Amino acid sequence: ATELANAGTVLLGEAFEGATLPVSLKSGAAPGTTVAISQDPGEVIGGSGSLVLSNPNHTATGGVSVSTNPQVVQFTAGNSYLLTFDWRIIETVDTVLGAAISTNPNQPLDVYSAPGKVAGDHGTANVPFVIPSSGQWSVSIYLVNGGKAAIDNIQITPGGAGPWRRDFENGFTLVNPF
């Protein structure tokens, strides 16, 4: 199958090679949780650093997150975007490692849940979304309840998610990811 969309220009691209969280992202670390860039080889997905979300308390409900800063990363109503990032579970996750697009965290537009929960599970998230209206939209990556996960190579591109085409001997198939 071949994707029929162009890659688009990068709105946000972060590989976490620095020592501090970039201004394009905001930490949502509650007391007892952490959002930090790690250079520990056991926690790094690629390069010299990865962003680690950690909640060591497996007995309490809550979570930890990182979100785009709507003052820096601005989305346009009616436009489609593609969020991609690499993830790896470092310590077993109680509930979920996920991502959401919203203006209000209690009412997300779109939600992604990583399929892994056990230490060592890993993958790449590809989340297409369309911004329906103007507002202070942000993308959040979060860990619900206890656990520890690394994320890396976050990229948000306008467009970038188009139909897929597969040719067959007697025809073809088109699939719209939205």
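Strand S6 (residues 63-68) and strand S11 (residues 138-144) run antiparallel and are joined by five bridges, where strands are DSSP runs of E with at least two residues, numbered from the N terminus, and two strands count as paired if DSSP finds at least two bridges between them. Within this pairing, Gly63 stands opposite Val144 in S11. This is a predicted model, in which local features need pLDDT of at least 70 and side-chain atom pairs count only at pLDDT 80 or more, while totals for chains, interfaces and linings use all residues. Residues are numbered from 1 along each chain as its sequence is written, and side-chain values use heavy atoms, with hydrogens and water left out.

S6 and S11 belong to an open sheet of five strands, ordered S3-S6-S11-S8-S9 with antiparallel pairing. Its edge strands are S3 (25-29) and S9 (110-113), each of which pairs on one side only. From one strand to the next, the twist averages 15°, with axes being lines fitted to C-alpha atoms and angles running from 0 to 180 degrees between N-to-C directions.

The loop between S11 and strand S12 (147-158) contains Asn145, whose phi is near 65°, a positive value in a residue other than glycine. Most residues other than glycine have a negative phi. Asn145 is buried, with a relative accessible area of 16%; buried means under 20%, exposed over 50%, and partly exposed in between, using a 1.4 Å probe and protein chains only. In strand S12 lies Asn153, a residue other than glycine with a positive phi near 55°, and Asn153 is partly exposed, with a relative accessible area of 34%.

Definitions and conventions. Helices (H or I, at least four residues) and strands (E, at least two) are DSSP runs, numbered from the N terminus.
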